[in-house]
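Colleague: Walk me through this model, please. I want each label set against its definition.

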Amino acid sequence: MKKRNFFSTLVMLGAVGAVLTGCGSNNASSTNGKSDASEHAAKITAVGSTALQPLVEKAAGQFQNENKKISVTVQGGGSGTGLSQVQDGAVAIGNSDVFAESKSGIDASKLEDHQVAVVGMAPVVNKDAGVDNVSMEQLKGIFTGKITNWKEVGGKDEKITVVNRAEGSGTRATFEDAVLKGAKAVKSQEQDSNGTVQKIVSSTPGAISYLAFSYLNDSVKPLSIDKVKPNDENVASNKWKIWSYEHMYTKGKAKTATADFLKYMNSKDVQDGLVKKMGYISIHDMKVQKDAKGNVTQK
Amino acid sequence: MKEIQNKLLQNSKATREDRFGKVICYICIGFIIALVACILYFITSRGLATFTKDHVNLWGFLTGVNWNPGAVDAHGNPEIGALPMIVTSFSVTILAALVATPFALGMAIFMSEIAGKKGTKFLQPVIELLVGIPSVVYGFIGLSVVVPLIRKTFGGTGFGILAGTIVLFVMILPTITSLSVDSLKAVPISYRQASLALGANRWQTIYKVILRTAAPGILTAIIFGMARAFGEALAVQMVIGNALLMPKGLVSPASTLTSKLTTDVGNTVMGTLPNNALWSLALILLFMSLFFNLIVRFIGKKGSIKK
């Protein structure tokens, strides 16, 4: 009995520890920047946003095929992790869904922003809500809890179930900036991945949430806002307001191999190929640009 | 003469081997103890930073019902009240243990007392299989089967404590069962013989003698099950709904300590208040697991079978 007792204590402590330390102490070993030229063997580690991760992984694969001596490691962990790790100098690139300026505890002046793609997001509802267009005011009402039944916005007599995204996640920050504009969201369910949200909205009557464009499919119904359809062209012209950049931050100016990789991310090859293929919007297509405070200007 | 003297004074091969084995053992033990100490120190120091560095009121942390570390309330204090999560964590844990115990006990009695070798041979792998299924699979089944079922039966979204309880019930069932079997089997055969010799039938023997004797072991089993339920994160997170609300019923979305941790940990920046607040939640979890272990130790000491 005693033996098992001790063992279980360890297992339990170990499990708690593993989960918790995993976020804090990502490998600090693989920084780059020591090599003088990109021809030399170099290691680049990019950590952060899980929304951006698949794109960077694919791009890294192609990049390594062309530059055999450079190895690029891509890890998830979330935007917060990415930004704090790159600030500490533990990794070469921190991937983020949000501007570094908007995260407390991050000194954005020390980081250099590289915008590599644009993501559009659309509110989605369960198919039987009977709604396909709402006004921005109505959408705000739904997510702040003022509107609780679909019939108030012209749909069926059905209770609205709000499914929000995890607090502090980039998707939620983008959505709240564009739609709630400072108002407080109603307390509701929170899910932390696009996949789960899609599954829940498609199976729960009366559910509403929001998804990145690449996750829109037949199982859920995307809403138009003020008759503007959620598509790439409308994002490019800023007619569709809910969109954000995907950032890759470096500490100070990017050097050698890292600079090469970031240049590659911005090349026509990636922007017109991978970026579009994976459901993001190319940074080259944008007719407007947004700064960290949310001001939009024509390019 | 010299040769014999040397032989007597030098260590023999056996002694050297013995010493070598001992050193390896101590190194391993030392390493593990250091590891545990590190984890304890790390979580405690981070978890306490919320109170020492950010000056959050401990009482407010334990009893507050609003969790919004990024914002401040009317008095200018950050809103971090963990009570809804604490309540939900305890609710799912206790409910799951309540539901699982009768099933586990029934199975344990069947396996140790009633079914012969054949029955045990069949049931053992069934239980072991349940242990081997990864928690994400339980969560996925919960999300695809349990949640829609609850939604159809009770209305609402289907997410909530009930769904969490059902998933955890299956997850802790094998833990409680196999530990109970062990403690039932540890009851000396002489007790059974004496009981039968006095004219008790099988049911009376099981109920009045074996269960009573094995009670501390069974309690330990239940507490181990509860500890597992309390610490389970992924499966619960998938079915609990992750709403930071005080649970109003069994089918309203709620959030446990662990589910909050898994959802938020990647989105916060090390060293800031939202991150420290999460560490404080982890500290609560750590204290609870220590508490569960203390109970187990206490029960073990009090009620061990004296042969």
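Modeller: Axes are lines fitted to C-alpha atoms, for helices over the stretch in contact, and angles run from 0 to 180 degrees between N-to-C directions. Helices (H or I, at least four residues) and strands (E, at least two) are DSSP runs, numbered from the N terminus. This is a predicted model: local features need pLDDT of at least 70, side-chain atom pairs count only at pLDDT 80 or more, and totals for chains, interfaces and linings use all residues. Residues are numbered from 1 along each chain as its sequence is written, with chains lettered from A and ligands numbered from 1 in the order in which they are written.

Colleague: Why is α5(B) called oblique to α7(B)?

Modeller: Helix α5 (residues 117-132) of chain B packs on helix α7 (residues 161-185) of chain B at about 130°, with the axes 8 Å apart. Angles under 35 degrees are roughly parallel, over 145 roughly antiparallel, 65 to 115 roughly perpendicular, and the rest oblique. So α5(B) is oblique to α7(B).

Colleague: Which residues of α5(B) meet α7(B)?

Modeller: B:I127, B:L130 and B:V131 do, and they meet B:V170, B:L173, B:P174, B:T177 and B:S178. Contact requires C-beta atoms, placed from the backbone, within 7 Å.

Colleague: What makes strand β8 of chain A mostly covered?

Modeller: Six of the six residues in β8(A), residues 207-212, are buried. Buried needs 20 or more other C-beta atoms within 10 Å of a residue's own (exposed: 12 or fewer; partly exposed: in between).

Colleague: In which sense do β4(A) and β8(A) pair?

Modeller: Antiparallel, over five bridges. Pairing takes at least two bridges found by DSSP. A:V124 stands opposite A:S209 in β8(A). Strand β6 (residues 161-165) of chain A pairs with β8(A) in the parallel sense, over two bridges.

Technical notes. Contact = placed C-beta atoms within 7 Å.
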